[in-house]
Amino acid sequence: MLGYIVKRLISLAISLFVASVVIFVVVEIAPGDPASFMLGINAQPDTVAALRTELGLDQSKLDRYLSWVGGMLTGDFGTSYTYRTPVVQMIADRMWVSLPLALYALTLSTLIAFPAGIFAAARRGGPGDLAVTGATQLGVAIPNFWFAMMLVLIFAINLRWFSAGGFPGWDKGFWGGMKALTLPAIALALPQAAILTRVMRSSLLDILGEDFMRTARAKGLTERQALWRHGLRNALIPVLTIIGLQFAFLLAGAIIIEQVFFLPGLGRLIFQAITQRDLIVVESVVMLLVFAVIVVNFLVDLAYAAVDPRLRTRT
Amino acid sequence: MSRNLILGGLLTSVFVIAALLSFVWTPDSVEAMNIAGRLQPPSSDNWLGTDHFGRDILSMLMVGARTSIAVALVAVGIGMGLGVPLGLAAAARRGGMLDEVIMRMNDLIFAFPSLVIAILITAVFGPSATNAIIAIGIFNIPVFARITRGAALSLWKREFIMAAQVAGKTRTRISVEHILPNVANLLIVQGTIQFSLGILAEAGLSYVGLGAQPPIPSWGRMLADAQTMVSLAPHVALIPGLTIIAMVLGLNLLGDGLRDALDPRLKVVRA
């Protein structure tokens, strides 16, 4: 197991290194000089040059890459070109919206998918199974931002149960914040729940055909008892993997939903930073999201290997 | 033929025909504005109503189908064109340096959330349909590479491949002549799935303004425009949304149907 962890850690480090180089290079070739952009078209050349020095834009590319990566390793993400505030502070503020939103959506999708998947698997081929599989087909076909608009139309405009967008901030109370995140979380959770239901169903169906399930039934358990006592635990392994991957996706995938609901999360931060050519913010947020995905994948792999020793030798 | 295949094939054909038809005929012009007749509900004049500029929604959807289909199709082409040879090469030299490099690169692309790739590309090159294609296409490469490699690896252990090796064929020739035809079915099915994901991705990108730019109509931007009108005229949001759902659903059903039709073994396992 230790050897496997070391091997995966090395691969994790290489992935992070390559990702940082790719992000840096892509952002570097972006046309437009941040300093000229900040000062406007009437700026004097020497003012622009002074600002370039202040922002560190006059250093060599290698120096800038090293100081960017070195800074991130010590928790210093640099200073926003536009707002002149530390990027790490901006990210931390937005994180308090994006992270709870992703967790909320993940909880909802799991709460929907588990019962739905178990229900369908237990009634394989029956009308209940058909209804659930039909619903999942529809669920994966619905664009989540359109679903979000429909939720706003029904629950915010017509029924007036929720506000149509915006975020009051956690300091105005926990429930107010949760209420503002409810419609976005539902919109995000729907397609994820459809995917998770499918995985849950097919994973359970695979398990139902196993020998130990036959043994469980042979010793006198009913189909349902066997499913709950032995089937579910074994079927959970692939399901947990997908949940891990979905969390990373939800964190990054909320970008569009945050736009629909005007939520001040990481997604809106990226969009604003792009329009303002605030490249240091773009670089850092993208790197953070990629970091989250790579680390979550790594943890999922480890969890998987801990549960199933056969995977440790996988190439 | 299965129900999925027929229903999916029919739905998909409707959209492909509508897109092709739009090159020669649409019920109305997609550029002519008619402010007096804006936000009209569906009627005999405008079957699906009009938008906030008084343009005919049906005509916009027909021309928009072109954008969606073109973007998704080329993106699948990029994914297949690069992913399949990479997957074949990785499987042919299993465990070798090339395999390792290809698979690690795949992991890396997977680690970039596709939307973030799209946003980065747009930040650098500006929003356009072409950049949307590149963004979606890049994400398709590892999908096809993985599928091809996985299927090819199991084929390399089969007797007929060993026979070809004994006969002195090179690994490249075996990959092209024997492995590729045997993974083609799998690729067609996956291609359909990626196509439907591409339609959704294109809609999402144009919704946030990163896809096809005005005046080219696109389904995603029709929804973005509809957002502020949704309380006045719900049909402007409802109809393009249902159109996207129908197209994606059709492609998914087609993919399921094709899988069952092309590989009867899977049908037995699933039933």
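A residue is called buried if 20 or more other C-beta atoms lie within 10 Å of its own, exposed if 12 or fewer do, and partly exposed in between, with C-beta atoms placed from the backbone. By that rule A:V290 counts as buried, because it has 24 C-beta neighbours inside 10 Å.

Before I continue, please note that this is a predicted model, in which local features need pLDDT of at least 70 and side-chain atom pairs count only at pLDDT 80 or more, while totals for chains, interfaces and linings use all residues. Residues are numbered from 1 along each chain as its sequence is written, and chains are lettered from A in the order in which they are written.

A:V290 belongs to helix 12 of chain A, residues 279-307; helices here are DSSP runs of H or I, at least four residues long, numbered from the N terminus. Beyond its neighbours within four places in sequence, A:V290 is in contact with A:A19, B:A111 and B:F112. Contact requires C-beta atoms, placed from the backbone, within 7 Å.

Finally, I turn to a pair of helices. Helix 10 and helix 11 of chain A pack at an angle of about 85°, with axes 7 Å apart; the axes are lines fitted to C-alpha atoms over the stretch in contact, and angles run from 0 to 180 degrees between N-to-C directions. Among the residues that meet are A:A254 in helix 10 of chain A and A:G267 in helix 11 of chain A.

How values were computed:
Helix = DSSP H or I, 4+ residues; strand = E, 2+ residues; numbered from the N terminus. Contact = placed C-beta atoms within 7 Å.
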